[in-house]
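Reader: Hi! Could you take me on a close look at one part of this model, and tell me how it sits among its surroundings?

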Amino acid sequence: MISVFRRITTIPISTITLLLLTVLLSASCTSKRLISSWSAEGDYQAREVLVVGVAHHESIRKLMEETVVEDLFKEDVTAIASYSIDGVRGKVDYDAVYDAVRLTDSKTVLVLRTVEVAEESGSQIAVGNSYDFMDNGSFQPLFAPRATYANYSRVQYTIEASLYDVNTKKKVWSAESRLTDPVLSKKYVSEADKLFIKDMKRNGIL
């Protein structure tokens with residue numbers, strides 16, 4: 001009897017495991033959560049809101065302000081982006097914002113700014129083992145598991161939102177959110193902004 005031995009070629013389990021781990025890590029990369037919230041005592045309402053975004057790039061500032069204004073309008077709250085007002089374009093300081101408040105007759109000012117950007121990277125052991133091919137009639141490698149690892153990196157943004165009452169010039173509400181690997185698109189900014197809107201509703205601000 002003639003026996004034919006053929007090399008068996010399969011996809012290593014390590015490859016499959018690494019792909020699955022990559023998918024899981026990618027799925028968790030767009031996480032966002034509220035990490036702190038504070039509200040002053042008293043009855044305050046976000047109304048006639050001047051939205052001020054503090055960012056290093058004018059395009060990001062415009063994206064933040066426009067998105068928040070649209071989301072506030074969905075809550076039946078009148079709001080205006082500060083960058084659209086003469087005197088505030090290209091700069092954000094106290095005098096410019098106060099002039100914008102007078103020009104628009106705003107009752108409250110909502111300021112959003114990035115307070116921290118942190119980068120993290122490392123490696124994580126993958127679940128499962130790696131198996132070698134059968135070769136030259138040696139079966140030992142087939143049953144010798146080998147641990148595998150996957151590298152990861154992520155960036156976390158901490159964004160602070162603060163609401164000020166124009167009459168008293170005091171802060172009446174603030175919150176911080178942490179975003180992991182955010183994509184600076186209108187859709188993503190809106191999803192993050194909903195964290196603040198939900199918290200303002202919870203505190204009776206909206």
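**A strand and its surroundings**

Author: Happy to! Let's begin with a pairing: Leu50 has Ile80 in β3 as its bridge partner. This is a predicted model, and the strand to follow in it is β2, which runs parallel to β3 and is joined to it by three bridges. Together with α2, these two strands form a β-α-β unit that is right-handed.

How enclosed is β2? Five of its six residues are buried, so the rest of the structure largely encloses this strand.

Now for the packing. Val49 and Val51 are among the residues that touch the most other members of the largest nonpolar core, which has 26 residues; Leu72, Leu110, Leu112 and Trp173 belong to that group too. Elements giving two or more residues to this core include β2 (49-54), α2 (58-74) and β3 (79-81), as well as α4 (186-202). The largest share, five residues, is that of α4. Another core, of eleven residues, lies apart from this one, and Val52 is one of its members, as are Ala100, Val109 and Val166. In a regular strand, side chains alternate between the two faces of the sheet.

Zooming in on Val49, and setting aside neighbours within four places in sequence, its contacts are Leu72, Val77, Thr78, Ala79, Ile80, Ser106, Thr108 and Leu110.

One last stop is the helix of the unit. Thr67 sits in α2 and has a relative accessible area of 2%, so it counts as buried. Beyond its neighbours within four places in sequence, Thr67 is in contact with Lys186, Val189, Ser190 and Asp193.

Technical notes: Residues numbered from 1 in each chain as written. Predicted model: local features only at pLDDT ≥ 70, side-chain atom pairs only at ≥ 80, totals over all residues. Heavy atoms only, no water. Core = buried A, V, L, I, M, F, W, Y, C linked by side-chain atoms within 4.5 Å. Buried < 20%, exposed > 50% of the residue type's maximum accessible area, 1.4 Å probe, protein only. Helix = DSSP H or I, 4+ residues; strand = E, 2+ residues; numbered from the N terminus. Contact = heavy atoms within 4.5 Å. Pairing = 2+ DSSP bridges. Right-handed = clockwise from strand over helix to strand, strands pointing away.
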